[in-house]
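Biologist: Could you walk me through this model, please? I would like to begin with the aromatic rings and then move on to strands and helices.

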Amino acid sequence: MEYRNCLLIIFIFGMLGLYSYSAVRQSAIDNNPRYWERRNGMISKVIFQKNITESSYSLNTLRELDSSEKIDCNETCQIEVQKYRRILLRDQCASLGYNYSFDYQLLIDNSFLRKLNHFIVLDKYRVIYSYIPKAGCTNWKRVFLVLHGVVNTASELEQHQTHELTDKYIRKLSSYTVEEAARRLQTYKIFTFVRNPFVRLLSAYKDKIEKPTGRNLRYRKEWSHRIPINMADGITQGPDTFVQYVKYLSHYTVINEHWKDMHKLSLPCHISFDFIGKLETLKRDTEFVMYNILETKPEIVTFRSSTNPTNSNQLVENYLSKLSEKETDELFDQMKLDFRLFGYEMPQTFRNIQNESYRT
């Protein structure tokens with residue numbers, strides 16, 4: 001009995017020591033700007049600020065810059081916008097009970113590693129990209145294929161080719177060992193792009209369900225068991241098909257990545273992102289990532305226009321005006337974490353969504 005008690009005491013003190021070391025280490029990281037400079041150069045050192053009131057921009061201006069490209073935004077402005085996005089994310093994660101510390105050596109185990117299957121890695125550039133379907137990921141995969149030397153130009157790559165080549169030649173973070181993945185998360189630059197959750201949902205509908213193509217047949221067949229779809233001629237049955245689609249998503253979870261919540265793919269309360277881009281500010285965010293994260297020229301890859309764009313205000317209005325306020329509220333309730341974490345405001349109805357320069 002005494003022997004067991006001694007072992008128990010040793011175990012408890014060992015765990016206390018490990019916890020204390022972790023806390024001290026994290027505190028040292030948080031308060032040592034040189035760590036951030038060593039990790040990712042000047043960008044992360046400047047972006048990682050704890051107090052948004054230090055910004056030279058008003059909160060209203062930052063909100064507008066966060067969601068629109070109407071205001072000119074130079075590199076200094078971009079850094080301020082990133083501070084705003086990161087601090088907002090940190091605070092929202094804290095409100096959900098996450099401590100927002102990033103000791104990946106302690107965080108990552110084999111179970112968590114499997115969740116990192118939407119993070120692709122360019123070791124040569126020491127960069128990790130968390131890709132989110134229907135948020136511009138096809139174009140970023142084309143960029144990775146060019147930088148990795150798989151293709152010389154991305155201009156002729158079709159969507160399905162891009163995904164197939166990426167799966168074949170670009171490693172996912174989940175394919176590394178726990179130790180290798182933790183080291184990369186600790187030392188590489190990490191970025192992602194997100195999109196208004198409502199418009200992302202509409203884009204998935206138009207691209208995977210409404211539009212009749214041979215490649216989306218499996219999606220249409222799958223959804224035909226949930227909502228009315230005429231599989232014979234590819235035309236949806238009746239004007240309320242989109243409404244039925246929204247109602248389904250409001251009450252059921254769809255596992256497929258095109259409909260999976262963005263926060264479940266990118267794990268933003270567990271992973272420290274150096275840059276969070278938005279499709280609403282795609283042009284300037286893309287240039288910033290190319291120059292400062294990938295450290296290459298933006299013109300190395302021309303971003304292709306979507307084959308199925310959802311970038312017309314009138315088009316968005318036509319679909320979203322079909323929904324009642326109750327249907328809007330029910331869908332928002334299902335997607336509210338994506339709205340909160342990534343700084344999107346809940347419109348009174350879908351009709352109020354401002355859709356600026358969206359691309360699939």
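Biologist: How many aromatic pairs does a search of the whole structure find?

Modeller: The search finds 22 aromatic pairs, where rings of Phe, Tyr and Trp (its six-membered ring) pair if their centres lie within 6.5 Å, and planes under 30 degrees apart count as stacked, over 60 as edge-to-face and the rest as tilted. One of them joins Y129 and F144, whose ring centres are 5.9 Å apart and whose planes stand at 50°, so this pair is tilted. Please keep in mind that this is a predicted model, in which local features need pLDDT of at least 70 and side-chain atom pairs count only at pLDDT 80 or more, while totals for chains, interfaces and linings use all residues. Residues are numbered from 1 along each chain as its sequence is written, and side-chain values use heavy atoms, with hydrogens and water left out.

Biologist: And where in the chain do Y129 and F144 sit?

Modeller: Y129 belongs to strand β2 and F144 to helix α8 (residues 137-147), so the pair links distant parts of the chain, 15 residues apart; helices (H or I, at least four residues) and strands (E, at least two) are DSSP runs, numbered from the N terminus.

Biologist: Are Y129 and F144 buried or exposed?

Modeller: Both Y129 and F144 are buried, where buried means under 20% relative accessible area, exposed over 50%, and partly exposed in between (1.4 Å probe, protein chains only). F144 also forms a tilted aromatic pair with F191, at 6.4 Å centre to centre and 50° between the planes. Because F144 lies in helix α8 and F191 in strand β3, this pair ties together parts that are 47 residues apart in sequence. For F144 the relative accessible area is 0%, and for F191 the value is 0% as well.

Biologist: OK, strands now. What order do they take in the sheet?

Modeller: Four strands form an open sheet in the order β1-β2-β3-β4, with mixed pairing; two strands pair if DSSP finds at least two bridges between them. At the edges stand β1 (119-122) and β4 (275-278), each with a single partner strand, so one side of each has no neighbour in the sheet.

Biologist: Which residues of β4 are buried on its two faces?

Modeller: Both faces of β4 are covered, with F275 and G277 buried on one side and I276 and K278 buried on the other.

Biologist: Switching to helices, at what angle do α5 and α15 pack?

Modeller: Helix α5 (residues 75-95) and helix α15 (residues 282-293) pack at about 100°, with their axes 11 Å apart; axes are lines fitted to C-alpha atoms, for helices over the stretch in contact, and angles run from 0 to 180 degrees between N-to-C directions.

Biologist: Which residues meet there?

Modeller: E75, Q78, I79, V81 and R85 in α5 meet R284, D285, F288 and N292 in α15, where contact means heavy atoms within 4.5 Å.

Biologist: Last one: how many helices and strands does the protein chain have?

Modeller: The protein chain comes to 17 helices and four strands, and 49% of its 360 residues count as buried.
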